[in-house]
Amino acid sequence: MSDTPKVYARCLASYNAGHLHGRWIDANQDADCIMEEIQEVLESSPERGEEWAIHDYEGFHGLGLSEYESIDQVAKLGRLITEHGPAFAAYANHVGVDYATEESFQDAYCGEWDSEKAYGEHLFDELYLHDVPEHVQPYIDYESFARDIFMGDCFSVDKPGGVYVFHNS
């Protein structure tokens, strides 16, 4: 499987006639370019069909596409996943693709961490550790702090070997 977002567009007239005629198309391009490639698939089809569908996709890191997904949506998701990687796909899966914009992702994304506790420890140290006397620091309960911030201020999405962390908007 490729990390590059791609869709497999197939001519439906050929499909219905028993011919598997289609092409893998890079989704990291503007919608007009994707549509031009789909038109090439239709024009090169033995049945010269007019209807097409997305019959497969890869590189969308868990985001689902329908057979008749909007090409504008495919191009948007392809570009953002290419630019921001699986973290964007995780974010879009959590908030919904209709609400996942580049701006909202960049505002929310806090990075990749080994765990929620690791993020909580980092945040606490960054914000408060300079105010905590050294002899009190061993008593800081990072686990409770992390639990509290993930009850409202942040959310995480599991990833292999850790979590992606996002601020709630």
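What is the relative accessible area of Y109?

Analyst: Y109 has a relative accessible area of 27%, so it is partly exposed. The cut-offs are these: buried is under 20%, exposed is over 50%, and partly exposed is in between, with a 1.4 Å probe and protein chains only. This is a predicted model: local features need pLDDT of at least 70, side-chain atom pairs count only at pLDDT 80 or more, and totals for chains, interfaces and linings use all residues. Residues are numbered from 1 along each chain as its sequence is written, and side-chain values use heavy atoms, without hydrogens or water.

Now the ring of Y109. Rings of Phe, Tyr and Trp (its six-membered ring) pair if their centres lie within 6.5 Å; planes under 30 degrees apart are stacked, over 60 edge-to-face, and the rest tilted. That rule gives 16 aromatic pairs. One of them joins Y109 to F166: the centres are 5.5 Å apart and the planes stand at 45°, so this pair is tilted. The two partners are 57 residues apart, and their pair links distant parts of the chain. Y109 is in strand 4 (residues 109-113) and F166 in strand 6 (residues 162-167). Helices (H or I, at least four residues) and strands (E, at least two) are DSSP runs, numbered from the N terminus.

F166 is buried, at 0% relative accessible area. A further pair is formed by W113 and Y119; its centres are 5.4 Å apart and its planes at 65°, so it is edge-to-face. Y119 is buried too, at 4%.

Leaving aside neighbours within four places in sequence, its contacts (heavy atoms within 4.5 Å) include P5, V7, A27, V74 and A89. H61 lies in the loop between strand 3 and helix 3. Its phi is near 50°, a positive value in a residue other than glycine. H61 is partly exposed, at 25%. R48, in the loop between helix 2 and strand 3, likewise has a positive phi, about 45°, although it is not a glycine. R48 counts as exposed, at 54%. Most residues other than glycine have a negative phi.

Last, the whole chain. It has seven helices and six strands. Of its 169 residues, 42% count as buried. Among contacts between residues at least 6 apart in sequence, 52% join residues at least 24 apart. The C-alpha atoms fill a box of roughly 80 × 25 × 20 Å, taken along the principal axes.
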